[in-house]
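Let's take a walk through this assembly together, moving from whole chains to single residues. Keep the model open beside the text as you read.

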Amino acid sequence: MNQFLTETLPGLFNYWIVIGLMMIGFYTVIAHDNLVKKLIGLTVFQSAVFILYISMGNIHGSTAPIIIDGDPVYAHPLPQVLILTAIVVGVSTTALGLALIVRINEAYGSIEEDDVLAADMATSEGEEAREEARSEQAEAAEGHAANGADDGAEADESRPA
Amino acid sequence: MITAFFNQMPVLVVVVPLLAAPLCVLAHRAFAAWLIYCLASWAAFAMAFLLFVEAKIAGQVSYAVGNWAPPFGIELVIDTYSALVLLLVTGVAALTGLYARKSIASEIAIEREYLVFALMLLCLAGLVGITVTGDAFNLFVFLEISSLSSYALIAMGPKRRALLSSFQYLIMGTVGGTFLLIGIGLIFMMTGTLNMADLADRLPEVYATRTVQAGLAFIVVGLSLKAALMPAHIWLPNAYTYAPSAISAFIAATATKVAVYALFRFVFTVFGAGYAFGTLPLGIVLLALAAVSMIAGSLASIFQTDVKRLLAWSSVAQMGYIVAGFALATPAGVSAGLVHLLNHGLIKGALFMAVGAMVWRVRASSINDLAGLGRAMPLTSAAFVVGGLSLIGVPATAGFISKWALMSALFDAQHYGVMALLLVASLLSIIYVGRVIEALYFRPLPDDVSHHKHGEAPLGMQVATWALIAINIVIGVHATPELEAAARAAATLVGGGA
Amino acid sequence: MSPLWLLILVAWPALMAAPIALVGRWPNLRETVSVLTGVALLVGVARFIAPIAAGARPEFSVFSILPGLDLAFALEPFGLIFALIAAALWPLTTLYAAGYMRGNDEPNQTRFFICFALAISAAIGMALSANLLTLFVFYEMMTLVTYPLVTHHGDIESRNGGRVYIGILMTTSIGLFLPAIVITWVIAGNVDFTPGGVFAGTGLGGLAAMGLYGLFIYGVGKAAVMPMHRWLPAAMVAPTPVSALLHAVAVVKAGVFSVLKITVYIFGIDFLHVTGASQPFVWLAAFTLLAASVVAIYCDNLKKRLAYSTIGQLSYIVLGAALASRLGATAGGLHIVTHAFGKITLFFCAGAIYTAVHRKYVSQLNGLGRAMPLTFTAFTIAAISLIGLPPMAGAWSKWYLMSGALDVQTQMVLVVLALSSLLNIVYLLDIPARAFFLPGDDKTPRGFAEAPAACVVPLMITASACVVLFFYARPIIAFIDTAFGSAS
């Protein structure tokens, strides 16, 4: 326990931060109803991963990886480059998500997921009821036709009693 | 000149569609954009075919991007496994090109059509990139390129519900992508490399660490999300249902397949079958999920009123078949999984195309709307019937070959329970395919068909649909080349005799 | 004779479907083409009789479907017998169908004849198949091309019949038959029809073999062993020529033929005898044949009664196979022949009665014997043959079946066979007895009221065949026996 308090907790503080941010982001994505807040959560979630990458490239006492005189210890440059790409991906995702939200707002007049789903549900329930009615109608029509012109083995009007 | 071209082919197959995408935007006219799409996708298909032959002869084709020697630069690697998936992706993309012109025109406003083709090219570039890359991080980037473009494509669907479907897919997909990123980060942390071959060399030293175990877990979860394996499938039915028809066909045939490809590229090539399936219990977990997918997907499929949604649920079930094959981690199992990956791409592509042609005519996709089309659209309906039979696994179709391969692999590995479930799922598929066929042939056309366009679907849609159906039948009666190629691919992944 | 002929024989009816479709507008020409195609097929198949009897086993591999598994054809006595029956009865049925379909103004006649040709192609393909996979391909093809025939009328009743038909046949074939083939392939590494079977030396135990044999017996839904028999009565919604050729001959015989082939060439008689794996199925088949006969007694619908009679008769053949003795299997082969001629005659009669007086219930047939003497005489002959009384062909298959049962010491089977013959008398002879001896009602025609000649001639031919075969059973037995090689 002592070791945990003195070494694990402060020594790996970057990971604790990452995990904390990640959970905050993830929770927001799952729990919030507002589409913009969901997107914010997603961004926080992604940012946590960016921090994970950058912090793992750090070496104790190192400097930024820019060539200078002397013999300094550089931080690992590769994760930083990678995360530059990942940030671009993240920004594109956010932009696309926001664009979708704008369109959803135009189409439904709301950006609350529940409202949108409710609107969909109303139409889809109506549609399903309509489809079922149509299926039944078709069955009934067929049944009627079949009774009218029966030529089969099971039922026959001329069947003797 | 020609040798130069051949040497550059591994990168050109990605770059051509990638560069054609902005060209589409510049062209700004629907027809010009379509032409560019067709040229680029057919060129990619031709290159994919050449690469397949090259990989068959040489065993593996590798290419150092920008002449940076691996493991420092990005390496592109094409072996038989990736070449087969590459052929599927580019082939379906090329045929979708023929199909898409009339189909897209009937569903999307003409002034936005060029954007569809640009996005499809981007998606194609991403998917192709995933299959050819030999670099873990690069794979993530390509995955996001294809995902982002497919979110946008789905959002272009004609109904407003496409928007929320796309948004939900975006959330799920991004979470999946980020999980993959975490996983890659964790293994990078332990090995300091991103090249897959190099990772495979260095990982065994650190197999025992919890970081690597967590890395595998993150990667598997992330890619399962993209592959829509139960229970991470919830985005898929909505996305396939509300996307434009041509896009449904394209994405259903390729996107989830490529995600499965990537999943098992990581599991087998990077981590190694012995670690994932021996040391860690990945096999049993994946088999269980696959079994649940098969049964639940098929059951859900039976109760759908919309044909596109019915096919989408069936896709969830079929992903279960594919993963069940791979999860055996035996040469027979992996080859069976790969065979079904390819065959299911062909089957579902054909079925979505046939349904798309019907949607083109009746402007709706519920089973009731398709009543009586057997007489009104005989060719399209016949294509659906053959595709449906293939889905069930009737002999002389590709689906039969998959079933045969999967069942013999499952029996050989003594997973009798999963084998029985696979059979049950096949029987369920008789029911859901039968429902559509009965509506097509046994119900009369509704009286108020004035809003219908008349006659069969346009030539381009017919040709694309029937081309896929023809490939289905050819594979069904003569699957030896495909199975041998799959066995070679399986041998490179899990070792053992081809 | 070149083995390429095997492929030609299988493809011939399917290829001729195209000309039949082309001349569909001129019914006379269409039927002529159909009949001639059938006759040519019969000649082609018959040319193989002498070489096969002399011990030749031609083989022809078309191409590989899967690595190590070819689409391949081979000919041996059982296959030739089945092919001969299908090829001989097809032209007769076509002739009959021409009369029936026009007499009843059926729609979609061209589609009908095309599907018919394809179904025969599938039957020949099964007869000539060299391995289980090829057999399975044509088995499924037959299911699919007969579906439009069963649902010919396109109304809700034929749709429901078609649902049961395709539902049971597909479920059993994909759910049981296919896995059985795959399991055989994985265990034995070989699914070719091999004299003596493929399981020798694979260490397949008795219980496992029993399970596998069960998968095959029930997987071949076309053999209609209870409880997989429901499709056959359901298929009776089809026009009568379909019921006659397909559901008395081609489809159901394809089922029992598969069972015989699997018994003789996949498991091997000796293997089954030693392990006793097929023992339980003797009793399941016995149950089916008794139960089906009892149900048949209570069917008033003539075609339905005949369908249940078929279910019972098929179980004779399955029983013969499951006895795991040479005599039993031979009897099964012989019964394929005798039952085919007997049952097709009965169906032809049912169709002729329907065409002439539009009656399809047994209780409506009183007193019709005087109006339709030819039809009911033929019916009587065929019924006696099925019951198994001399001097009709059916007597021999029952005789050999009993000998086969004695051969392997299962005397109880004799009781079952005797009992079922009694039941057969009750439900079959009931019909001509009514027609000849009971007085008709006031609607019964007084004068001569036979169906058109195109209907009556075929049924007279098949009825006389029932008599002729009684005197020529010995060569057929000797011919089938060559399947087991020279050792006796």
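Two residues are in contact if their C-beta atoms, placed from the backbone, lie within 7 Å. With that in hand, look at chain B: residues 24 or more positions apart account for 79% of its contacts with a separation of 6 or more. In chain A, the corresponding share is 42%. A word on the source: this is a predicted model, in which local features need pLDDT of at least 70, side-chain atom pairs count only at pLDDT 80 or more, and totals for chains, interfaces and linings use all residues. Residues are numbered from 1 along each chain as its sequence is written, while chains are lettered from A and ligands numbered from 1 in the order in which they are written.

Let's compare the make-up of these two chains. Helices (H or I, at least four residues) and strands (E, at least two) are DSSP runs, numbered from the N terminus. Chain A has 5 helices and 0 strands, giving the pattern α-α-α-α-α along its sequence. Chain B has 20 helices and 2 strands. For burial, a residue is buried if 20 or more other C-beta atoms lie within 10 Å of its own, exposed if 12 or fewer, and partly exposed in between, with C-beta atoms placed from the backbone. By that count, 19% of the 161 residues of chain A are buried, and buried residues make up 69% of the 498 residues in chain B.

How does the radius of gyration of chain B sit against that of a compact globule? The radius is taken over C-alpha atoms, and the globule rule is 2.2 Å times the number of residues to the power 0.38. For 498 residues a compact globule would have a value near 23 Å, and the 21 Å of chain B agrees with this. Along the principal axes, the C-alpha atoms of chain B fill a box of roughly 70 × 55 × 40 Å.

Now turn to where the chains meet. The contact between chains B and A takes 27 residues from chain B and 29 residues from chain A. On the chain B side, the elements that give two or more residues are α5 and α6, and α6(B) brings the largest share, 14 residues. To sort these by class, Ala, Val, Leu, Ile, Met, Phe, Trp, Tyr, Cys and Pro count as nonpolar, Asp, Glu, Lys and Arg as charged, and the others, Gly among them, as polar. This side of chain B then divides into 16 nonpolar, 7 polar and 4 charged residues.

Chain B also meets chain C, where 21 residues of chain C are in contact with 25 residues of chain B. On the chain C side, β1 (59-66), α6 (132-150) and α7 (156-188) are the elements that give two or more residues. The largest share, 11 residues, comes from α7(C). By class, the chain C side has 15 nonpolar, 4 polar and 2 charged residues.

The loop between α8 (210-227) and α9 of chain B holds Pro231(B), and the peptide bond from Met230(B) to Pro231(B) is cis, with omega near 0°. Ala228(B) is found in the loop between α8 and α9 of chain B too, and its phi is near 60°, a positive value in a residue other than glycine. Ala228(B) is buried, with 27 other C-beta atoms within 10 Å. Gln414(B) likewise has a positive phi, near 65°, but is exposed, with 9 other C-beta atoms within 10 Å. For context, most residues other than glycine have a negative phi, and most peptide bonds are trans.

Finally, visit chain C, where the axes of α13 (residues 302-322) and α14 (residues 326-357) come within 8 Å and cross at roughly 170°. Axes here are lines fitted to C-alpha atoms, for helices over the stretch in contact, and angles run from 0 to 180 degrees between N-to-C directions.
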